[in-house]
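Dear colleague,

I am handing over the structure we spoke about, and I would be grateful if you could look through it alongside the notes that come after it.

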Amino acid sequence: MTERALRLGTRRSKLAMAQSGHVAEAVRRLTGRAVELVEITTYGDVSREHLAQIGGTGVFVAALRDALLRGDVDFAVHSLKDLPTTPHEGLTLAATPKREDPRDALVARDGLTFHELPDGARVGTGSPRRMAQLNAYARSHGLRIETVPIRGNVDTRIGYVRNGELDAVVLAAAGLHRIGRIDEVTDFLSVDFVLPAPGQGALAIECSAADADLAAALGGLDDPHTRAAVTAERSLLAALEAGCSAPVGALADLLADGQDATEMRLRGVVGTTDGSALVQLSTTGPVPTSHGDAIALGRELASEMLAKGAAGLMGERAL
C-alpha cells in the first residue's frame, strides 16, 4: 500500500506558493512521498492595516500553526522572518534550508539606483526597520527621501512604482528571486548600510513535535550554517524583546579564511523610523557548534546594544 500524500500548509500568496512549491519538490525527492499543498488564509493576508498596527509578530503564521496542531496539515513552510522568536508548544522547527540572498532590493522607476533617486524621492516599504536605515543612510549621504508605508503583495508594491505613485519600493531580494522577478531589481542594497530582518531570505519548515519520524525526515533539508546564523539573529531579536515589526535589523555571516569558516560575525541595528538615531554594533565569535552557542552570540550583542540605548529607539512595543 502506498503511503498517503504529505499535506504541506502554505499561505495563498504567489510568493508563499512559490516557496512551498520548492520545498514540496525537495521533500518529494527526500522521502519518495507525494506532497500536496493545502492553502490557508492568515490574518496578515486579509488585514489591510500596517504590520506595526496589527502587531507584526505571528500574523502570517498563526493560522498555519493552528492547522498543524489540529492535524489538518502535516507540515508548514514559513518565511523565517515572519516566525515569532518564542518556540510554539507542540511544534518543532524541523529544518531551515540553505538561505537565499538576505539583502533588501530596490525596484525604482527608470532603472534608478538608490544614489540616483531624485531629491525628495518617495520610497515605499511596509517595514519600520527599512525606514529607519534608509532614512539614516540618506541623511548621512546628504540625500532627501520620503519613506511611505505600504502593504500588499509583490505585484501591488511594484505597481506603485509602475503607475507613478512612488519613485521606488524596497523588497526582499530572496522573495523576488523565488517568484522569478529578480531582473526587475534596479539596485541591491548593501548589508553594510541596510541590515536585513533577522532570518530574511531563510525559510522555516515546521511540523508537529509528536511526529518524530516526519521531523527527522524533514531534517534532511536543514542547512547547519543557515540554522546557526538565523538562530543568532533571532536570539538578538528576542533579547531586545522586539517583535518582527520592530525596527531591528540583524545579519550573521561566516568569516572564511580560504574555504574554512572559523568565525561568525553578527551585526545588529535598531533605530527610530526617521533615521535620526541608530544603534549599530557587531560582534564576532567562533562559528557556533550548538544551538546554545548561537543563542549566546545573539544575547551578547543584544546586551551591548541595550547598554547603548537600543530599547529607547524601538517605540511602542506589543509585548
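Predicted model: local features only at pLDDT ≥ 70, side-chain atom pairs only at ≥ 80, totals over all residues.

A search of the whole structure finds three aromatic pairs. In one of them, Phe114 and Tyr137 are tilted, with 5.7 Å centre to centre and 50° between the planes; this pair links distant parts of the chain, since Phe114 lies in the loop between β5 and β6 whereas Tyr137 belongs to helix α4, 23 residues apart. The rings of Tyr137 and Phe193 have planes at 20° and centres 3.6 Å apart, so this pair counts as stacked, the cut-off being planes under 30 degrees apart. Here too distant parts of the chain are linked, with Phe193 in the loop between β9 and β10, 56 residues from Tyr137. Phe114, Tyr137 and Phe193 form one aromatic cluster. Phe114 is buried, as are Tyr137, at a relative accessible area of 14%, and Phe193, at 16%.

Turning to the strands, an open sheet of five, with mixed pairing, runs in the order β2-β1-β3-β10-β4. Because β2 (35-39) and β4 (91-95) stand at the edges with a single partner strand each, one side of each has no neighbour in the sheet. The twist from one strand to the next averages 35°. Within this sheet β1 and β3 pair in the parallel sense over two bridges, and Gly9 has Ala76 of β3 as its bridge partner.

Strands β12 (residues 260-271) and β13 (residues 278-286), by comparison, run antiparallel and are joined by nine bridges, with Val269 opposite Gln280. Six residues lie between the strands of this hairpin, where Gly275 takes a positive phi near 80°.

Notes:
Residues numbered from 1 in each chain as written. Heavy atoms only, no water. Pairing = 2+ DSSP bridges. Helix = DSSP H or I, 4+ residues; strand = E, 2+ residues; numbered from the N terminus. Axes fitted to C-alpha atoms, helices over the stretch in contact; angles between N-to-C directions. Phe/Tyr/Trp six-rings, centres within 6.5 Å; stacked < 30°, edge-to-face > 60°. Buried < 20%, exposed > 50% of the residue type's maximum accessible area, 1.4 Å probe, protein only.
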